[in-house]
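Trainee: Could we go through this structure together? I would like to begin with charges and rings.

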Amino acid sequence: MIRKTLMSGAAAVALLALPGMAFAQDPSALEARIAQLEAQLSELKSEVAASRAQQTAQQQAVAQDIVRIEQRAAAAPPAPLPVSAPADGFRIGNNTVKFGGFVKADFIASNYDGGDPGNGDLLRDFYLPGSIPVGGADESTATDFNARQTRFWLTTEGLLGGRKVGTRVEMDFQVLPGAGDQRTTSPSNLSLRRAFVTVDNWLFGQEWSNFQNIGVLPDTADYIGASEGTVFARQVQVRYTRGPFSISVENPETTVTPFLAAGRIIADDNSMPDVTARYAVTRPWGEASIAGIVRQLAYETTGVGAVDSSTMGWGLSAAARIRVGEKDDLRLMLSGGEGIGRYVGLNFTNDAVLDASGELEAIGLIAGFASYRHIWTPQWRSNFTYSAQSVDNDRSLISLAANKSSQSVRGNVIWTPLPALDLGAELMFGERELESGASGQLTRLQIFAKYGF
């Protein structure tokens with residue numbers, strides 16, 4: 001509109017400037033024309049002023065809108081960041097859920113010089129030093145195939161009420177139904193290994209004993225490997241961990257040797273839980289831990305010859321994994337104490353023995369292992385392991401058929417042609433000795449294939 005008005009004014013001025021116009025000869029007409037031009041000029045000024053006022057009002061309105069937008073933006077909470085998908089697993093609500101495990105198939109050829117274990121005996125699946133036959137006839141090599149070590153697990157992790165909450169359920173198929181039947185379908189039962197929930201620093205449920213350091217277990221083809229020399233127990237517990245220190249109360253159970261016998265009584269008479277404490281450190285050279293346990297040993301019966309006795313048991317265990325060079329490592333464990341038989345060597349010896357008056361006496365032991373792991377190439381590795389346990393039996397209370405000692409030595413070679421796929425072979429020799437001096441020996445070749453997912 002301003003441009004149009006300006007153009008009209010300019011035209012008017014141009015007309016005034018034209019020479020030789022008729023207006024110069026007619027004064028009245030000239031005055032009328034001048035009055036008309038003044039009126040148009042006044043109208044032009046009014047329009048320019050109105051336009052400027054309108055622009056100013058529009059600018060003020062825009063400025064006020066900007067202020068209101070900024071105020072609303074400052075008052076509103078920040079938009080939540082998009083939740084990124086986890087690197088692995090999947091999300092359900094506030095939890096990241098993961099599933100994994102491995103499939104493992106074993107070929108085992110074993111020779112027992114003191115008798116052949118029956119079909120379904122766990123010794124045929126993994127090294128159980130307390131079950132090596134003694135005193136029987138030497139039989140030919142026994143061959144077994146199984147996939148019972150196949151394992152799977154499910155975990156969850158999330159933040160609930162500002163607290164970090166996690167769970168884990170882990171199972172395998174190590175338990176045979178009845179005596180086991182390999183004639184048709186070779187069945188196995190699903191078996192619970194671990195099941196626990198963690199809330200910040202607390203753990204509730206079934207987990208490896210706090211008295212044990214699983215991080216130093218040897219890399220073996222066998223289910224456990226250095227069986228007689230290692231602390232090995234999974235059980236229900238309540239554990240608190242803060243930094244390198246952890247303490248727990250765990251399920252109590254006492255195994256008892258009868259007076260002048262070699263059997264096993266599994267008592268269920270404990271009133272106090274087992275208490276453990278562990279301190280672990282990780283350094284550039286590796287890791288190490290020291291653990292202790294204090295426990296009540298109890299046995300009670302009724303009727304004729306009733307027994308009602310309890311005593312204390314204790315133990316210490318030191319473990320380490322030490323780096324050797326850039327890739328190799330040395331793994332060590334040394335454990336000892338009194339009344340910790342069921343925690344060490346798969347209960348190679350009992351916790352306590354009954355004396356003639358029906359009182360419990362804790363049985364002492366010392367056990368340990370050393371294992372060297374060598375990396376030949378990125379795909380090839382080997383492990384060489386020695387393990388042993390010695391029991392301090394009171395010969396006046398115990399049968400000559402009771403376990404006195406056990407030892408084993410093994411070596412393996414493992415090939416990893418694909419990520420998470422291991423193919424390996426292991427040769428081992430194990431021996432069990434009784435208080436009488438009699439012994440039984442086991443020689444075993446184990447070949448396996450294992451794929452983790």
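Trainee: Which ring does the charged end of R234 sit over?

Mentor: The charged end of R234 sits over the ring of W208, 4.8 Å from its centre. The criterion is NZ of Lys or CZ of Arg within 6 Å of the ring centre and within 35 degrees of the ring normal. This is a predicted model, where local features need pLDDT of at least 70, side-chain atom pairs count only at pLDDT 80 or more, and totals for chains, interfaces and linings use all residues. Residues are numbered from 1 along each chain as its sequence is written, and side-chain values use heavy atoms, with hydrogens and water left out.

Trainee: And what does R193 touch?

Mentor: Not counting residues up to four places away in sequence, the contacts of R193 (heavy atoms within 4.5 Å) include W208 and R234. E170 and D172 are also among them.

Trainee: Is R193 buried or exposed?

Mentor: R193 is buried, at 3% relative accessibility; buried means under 20% relative accessible area, exposed over 50%, and partly exposed in between, with a 1.4 Å probe and protein chains only.

Trainee: New topic: how many aromatic pairs are there?

Mentor: The whole structure holds 10 aromatic pairs, that is, rings of Phe, Tyr and Trp (its six-membered ring) with centres within 6.5 Å; planes under 30 degrees apart are stacked, over 60 edge-to-face, and the rest tilted. One of these is the edge-to-face pair of F211 and Y343, at 6.0 Å centre to centre and 90° between the planes. Its two residues lie 132 residues apart in the chain, and both are buried.

Note on methods. Helices (H or I, at least four residues) and strands (E, at least two) are DSSP runs, numbered from the N terminus.
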